[in-house]
Amino acid sequence: MITINSKTELASLINSIKLSNKTIGFIPTMGALHQGHLSLVSESKKQCNISIVSIFVNPTQFNDLSDLEKYPRTLESDLKFLDEIDCDIVFTPENEEMYPKKDNRIFDFGNIDKVMEGAFRPGHFNGVAQIVSKLFDIVKPNCAFFGKKDFQQVAIINNMVKQLNYNIQIISCQIIREKSGLAMSSRNERLSPENRKKASFIYETILEAKKLAKLKTVNDVKTFVENKFTENTDLKLEYFEIVDDFSLQSVKNWTDSQNITACIVAHIEGVRLIDNIKIDLK
Ligand code: AMP
């Protein structure tokens, strides 16, 4: 495995890979790697000749400075994990390397970044688009792999790829969960063992919501989830939305869309956890 922190060095390595006609799979991450990240690397290894992971905690996508400061950084064990699964290249740039000067680009994502994460974390997706486009420009991948855990992010990336005319296939991969059902997340590391167990309530509740969707109205399901969280004093619900997969706008009736996902964010012990579940009415 090759570890590189200079974008010029990476760019010249990419050139030689391209000359040998090998395909490149790219997995952008912020590190503190877990099986969720590693599943993206496995998928890339299945589909592409060379797999490249970036590890960079991107400051422009954090709207909360303390969240950025508290973000776990575990580079040594990340590199060990990646080496063990035979990742080919890891890019670990410093801030200066990615932002030698301020990135003033403002992206227009229409309505898809006005809701959910976009509404609760102003500027978040603009920061995501800034860093992912910079990384795409350096890595020039054939395919890029993203987790469905960040459901809205996948829509944003697809939109950005269209806007900027990238010839990159975006592949969204299933959510990897802990045994308890809790979606794996770097942020889970900040939870006490007790609260980590309690956080499985998020998945349990959206799983119940999915079942209930076959019997109840959209509003009933929303009320059900909201009430469950009101009764649970350990977790605080930030939002629960039932949306169309493409427009990301809330649906009022199950017949409004053929592709519906329920998205949730809840807090426990000051940690913000995100999850979602596909609603299948059949
Ligand atoms: P992050 O390091 O949190 O920016 O995540 C890097 C990539 O890993 C993103 O595409 C995430 O959606 C994906 N990812 C994070 N957690 C999971 C998970 N539990 N299952 C699948 N993909 C994940």
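**Ground rules.** I worked on a predicted model, in which local features need pLDDT of at least 70 and side-chain atom pairs count only at pLDDT 80 or more, while totals for chains, interfaces and linings use all residues. I number residues from 1 along each chain as its sequence is written, and side-chain values use heavy atoms, with hydrogens and water left out.

**Overall form.** I looked up the secondary structure and found 11 helices and nine strands in the protein, where helices (H or I, at least four residues) and strands (E, at least two) are DSSP runs numbered from the N terminus. For the 282 residues a compact globule would have a radius of gyration near 19 Å, and the protein agrees because its own value is 19 Å; the radius is taken over C-alpha atoms, and the globule rule is 2.2 Å times the number of residues to the power 0.38. Along the principal axes, the C-alpha atoms fill a box of roughly 55 × 40 × 35 Å.

Of the contacts (heavy atoms within 4.5 Å) with a separation of 6 or more, 73% are between residues 24 or more positions apart.

**Charges.** I noted 36 positive and 37 negative side chains, and the centres of the two sets lie 3 Å apart. Lys and Arg count as positive and Asp and Glu as negative, with His and the chain ends not counted; each charge is placed at NZ of Lys, CZ of Arg, CG of Asp or CD of Glu.

**Cysteines.** How many disulfides does the rule give? The count comes to zero, a disulfide being a pair of cysteine sulfur atoms within 2.5 Å.

**Gln61.** I placed Gln61 in the loop between strand S3 (50-55) and helix H3 (65-70), and Gln61 counts as buried, with a relative accessible area of 10%. Leaving aside neighbours within four places in sequence, Gln61 is in contact with Met30, Arg121, His124, Gly127, Val128 and Ile131.

**Positive phi.** Most residues other than glycine have a negative phi. I therefore checked two residues by name.
- Asp86 has phi near 65°, a positive value, and is placed in the loop between helix H4 (75-84) and strand S4 (89-91), where Asp86 is exposed at 53% relative accessible area.
- Glu269 has phi near 55°, also positive, and sits in the loop between strand S8 (260-268) and strand S9 (271-279); at 44% relative accessibility, Glu269 is partly exposed.

**Separations.** I looked up Glu231, which is found in helix H11 (residues 218-231) and is exposed, with a relative accessible area of 63%. Glu231 and Met98 are 133 residues apart in sequence and 45 Å apart in space, C-alpha to C-alpha. Glu189 lies in the loop between strand S6 (169-173) and helix H9 (193-198) and is exposed at 52%; the C-alpha atoms of Glu189 and Val218, 29 residues apart along the chain, are separated by 34 Å.

Definitions and conventions:
Buried means under 20% relative accessible area, exposed over 50%, partly exposed in between (1.4 Å probe, protein chains only).
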